[in-house]
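These entries record what I looked up in the structure shown below.

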There are 2 protein chains.
Amino acid sequence: MTEIRILQNILGANERIAAENRQRLRSAGVFALNLMASPGAGKTSLILRTIERLRQGPRLAVVEGDIASTIDADRIAGQGVTALQINTGGACHLDANMVGRALEALPLGEIDLLIVENVGNLVCPAEFDLGEECRVMLASVAEGHDKPQKYPLMFSEVEAVVLNKIDLLPYSDFDLEAFRRAVHGLNPKAAIIEVSCRTGEGIEAWTDWLLARLAAGQSRTDESEA
Amino acid sequence: MTEIRILQNILGANERIAAENRQRLRSAGVFALNLMASPGAGKTSLILRTIERLRQGPRLAVVEGDIASTIDADRIAGQGVTALQINTGGACHLDANMVGRALEALPLGEIDLLIVENVGNLVCPAEFDLGEECRVMLASVAEGHDKPQKYPLMFSEVEAVVLNKIDLLPYSDFDLEAFRRAVHGLNPKAAIIEVSCRTGEGIEAWTDWLLARLAAGQSRTDESEA
């Protein structure tokens with residue numbers, strides 16, 4: 001029983017800090033998005049495409065979560081966007097405490113949209129609230145259409161599933177209809193947005209969804225809390 | 001300090017059970033391979049290709065680790081090979097205890113090669129010894145060539161890196177030389193074997209490596225323990 005109690009304590013502490021982060025972000029008028037995916041699904045590429053399309057839009061900043069390296073933060077900063085790297089030092093997901101420390105280092109008054117790129121992992125990130133307003137996951141055609149059945153929590157916890165690498169559809173056995181059915185079987189309300197970060201296809205549909213969600217602000221979260 | 005002590009206890013218990021599993025497998029003459037990868041890199045597809053090529057070779061069995069579902073075990077069993085599914089019920093990696101229970105359920109006297117497919121995750125599986133003789137990871141062209149820098153422990157811990165989906169090379173920005181350099185920078189002795197489970201290219205090189213490693217038996221593990 002000891003292990004279970006400790007896990008509850010860890011998750012309890014995380015919930016508390018996540019609530020503080022959420023309050024802090026809301027007070028500063030920052031909309032935070034928690035972006036989750038497998039390694040190599042294209043999270044950073046999607047963020048780069050998003051930056052490119054939203055140049056005239058909301059003021060962006062990015063928090064990059066990785067076990068090691070600053071490759072992703074360097075790519076984002078190369079686009080002139082504030083990017084903060086969190087190296088988890090082995091941990092397989094971000095937690096609210098890590099994000100809380102990042103918030104202290106960010107100029108929140110100058111940010112409208114904060115994208116938090118989680119560690120590449122379809123499992124643990126889904127269990128940790130970071131204080132975000134919105135959770136989105138990125139799947140990739142190359143991963144196969146059976147991923148919703150294998151990682152049901154992740155697919156259940158998000159508002160949108162962005163399916164990347166649709167340029168590879170002709171070269172793969174990915175069954176788009178089976179994928180859509182599986183996602184909606186777990187999460188009937190999830191938006192499914194098909195994109196190719198490589199060709200740019202579908203990126204406008206993604207940023208349109210994101211801008212609409214940003215405009216709706218906290219409303220959905222508030223509903224779900226009510 | 002409490003958390004650290006508990007983690008040590010968990011890892012300590014895992015090491016103990018892993019050693020028991022290793023002893024049990026060696027006594028029964030079973031060579032166990034721990035196959036790790038991101039979700040969707042193609043672990044089950046590689047196992048299916050391996051089964052296909054080794055029909056006249058060593059007697060195979062497969063343990064499938066997944067959070068949920070029996071999709072993979074069903075695919076393997078469909079090939080007439082003994083397949084045991086472990087559903088981790090949320091845990092993001094297999095541990096020695098789960099595998100130990102699987103060993104109790106398997107006819108070890110009738111198995112030469114046991115392939116253990118770990119949960120799709122590039123982080124946590126690398127930290128847990130299952131009692132295997134050999135660790136192999138599967139990466140995929142679609143994940144990008146920067147994964148060694150981002151998941152250094154996984155790439156450091158394996159004897160071979162199988163790079164799958166090389167049929168997608170013409171449609172991706174994957175830099176094969178950069179990938180090889182990064183892998184050997186972390187792990188100079190690692191074999192790198194390029195395959196396409198879709199077209200079958202490179203599968204013979206993989207099974208040749210595997211058969212040679214199987215013939216060498218415990219030797220490498222013993223060296224590393226000395």
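The model is predicted: local features need pLDDT of at least 70, side-chain atom pairs count only at pLDDT 80 or more, and totals for chains, interfaces and linings use all residues. Residues are numbered from 1 along each chain as its sequence is written, and chains are lettered from A and ligands numbered from 1 in the order in which they are written.

I then took the strands themselves. Strand β2 (residues 60–66) of chain A pairs with strand β4 (residues 113–117) of chain A in the parallel sense, over 5 bridges. I count two strands as paired if DSSP finds at least two bridges between them. Strands (E, at least two residues) and helices (H or I, at least four) are DSSP runs, numbered from the N terminus.

Next I checked helix α2 (residues 43–53) of chain A, which packs on the sheet and touches β1 (31–37), β2, β4, β5 (134–140) and β6 (160–164) of chain A. Its direction makes about 165° with that of β4(A). Contact here requires C-beta atoms, placed from the backbone, within 7 Å. Axes are lines fitted to C-alpha atoms, for helices over the stretch in contact, and angles run from 0 to 180 degrees between N-to-C directions. Helix α4 (residues 96–105) of chain A lies across β2, β3 and β4 of chain A, at about 145° to β3(A).

I traced the whole sheet of chain A: 7 strands in the order β3-β2-β4-β1-β5-β6-β7, open, with parallel pairing. Its edge strands, each pairing on one side only, are β3 (82–87) and β7 (191–194) of chain A.

In chain B I noted that B:Val63 has B:Val116 as its bridge partner in β4(B). I also noted helix α8 (residues 203–216) of chain B, which lies across β1, β4, β5, β6 and β7 of chain B and runs at about 145° to β7(B).

How is chain B superposed on chain A? I found a rotation of 180° with 0.0 Å of shift along its axis, at RMSD 0.0 Å, by least squares on the C-alpha atoms of residues with pLDDT of at least 70 in both copies. That is the relation of a two-fold axis.

Lastly I examined the contact, which takes 29 residues from chain B and 29 residues from chain A. Helix α5 (residues 147–150) of chain B gives the most to the chain B side, with 3 residues. I recorded that 100% of the interface residues of chain B are also interface residues in chain A, so the copies meet through the same surface.

Note on methods: Contact = placed C-beta atoms within 7 Å.
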